[in-house]
Amino acid sequence: MPEIIFNGPAGRLEGRYQPSKQKSAPIAIILHPHPQFGGTMNNQIVYQLFYMFQKRGFTTLRFNFRGIGRSQGEFDHGAGELSDAASALDWVQSLHPDSKSCWVAGYSFGAWIGMQLLMRRPEIEGFMAVAPQPNIYDFSFLAPCPSSGLIINGDSDKVAPEKDVNGLVDKLKAQKGILITHRTVPGANHFFNGQIETLMAECEDYLDRRLNGELTPEPAAKRIR
């Protein structure tokens, strides 16, 4: 897959990019875990998510947030990383103007950034939040959450305890017009050690069902953007 460098708000950003053969294919952006705790775009879960979307014909991008690998800049506690993600989506969309829809998938810190991106970009129609951390990061901006998606975590996660993730899920499930799917991987910790295959099987099942037109919410009054 091509290595790419594109301009971000704090300098160049390094990524891996795989365009679809279809000009109007949807776009998927994959966001990596916390940069200060070893998170990079080459994280195994990030790579597997990238490959999952690529196999299904998406135009797919993963990249290093500022200050990681060959990406310029310094860690910015989320605000700058959100700007990086927005720039990454802009860059892909500039190459694929016929693409009408987009998905965002993020793992841990990347899930928090991805959900913020979702709030700002109405073309994002689906999300995957792997091991989000509502005990550490504020998710109150999801009011309302604009798109349906998957939240998946391990029931032995000490970094993002199950009760906190369940609280976030319950809050989002109360909203009308979207459908939040929640999956728990038994015995999995925050890193899904020994459980990445199970994690990916759940993510693939969810994506395939969405692409088949399943898991859509009851029609609600159309929201004004």
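**Note on the sheet and its helices**

1. Strand β3 (residues 27-31) and strand β5 (residues 102-107) run parallel and are joined by five bridges. It should be kept in mind that the model is predicted.

2. This pairing belongs to an open, mixed sheet of eight strands, ordered β1-β2-β4-β3-β5-β6-β7-β8. At its edges are β1 (3-8) and β8 (180-185), each of which pairs on one side only. From one strand to the next, the twist averages 20°.

3. Helix α5 (residues 196-211) lies across four of these strands, namely β5, β6 (124-130), β7 (148-154) and β8. Relative to β7, helix α5 runs at about 170°.

4. Helix α3 (residues 109-120) has 12 residues, which at 1.5 Å a residue should span 16 Å; the end C-alpha atoms are 18 Å apart, which agrees.

5. Helix α3 is mostly covered, with 10 of its 12 residues buried. Among them are Phe 109, Trp 112, Ile 113, Met 115, Leu 117 and Leu 118, as well as Gln 116. The buried residues of α3 pack against strands β3, β5 and β6 and against helix α2 (79-95).

6. An unreviewed UniProt entry lists residues 17-138 as "domain: Xaa-Pro dipeptidyl-peptidase-like". In the model, the end C-alpha atoms of residues 17-138 lie 30 Å apart, and the span is 34% helix and 20% strand.

Notes:
Residues numbered from 1 in each chain as written. Predicted model: local features only at pLDDT ≥ 70, side-chain atom pairs only at ≥ 80, totals over all residues. Heavy atoms only, no water. Pairing = 2+ DSSP bridges. Helix = DSSP H or I, 4+ residues; strand = E, 2+ residues; numbered from the N terminus. Axes fitted to C-alpha atoms, helices over the stretch in contact; angles between N-to-C directions. Contact = heavy atoms within 4.5 Å. UniProt positions renumbered as here; feature names shortened; annotations may be inferred. Expected span 1.5 Å × (residues − 1). Buried < 20%, exposed > 50% of the residue type's maximum accessible area, 1.4 Å probe, protein only.
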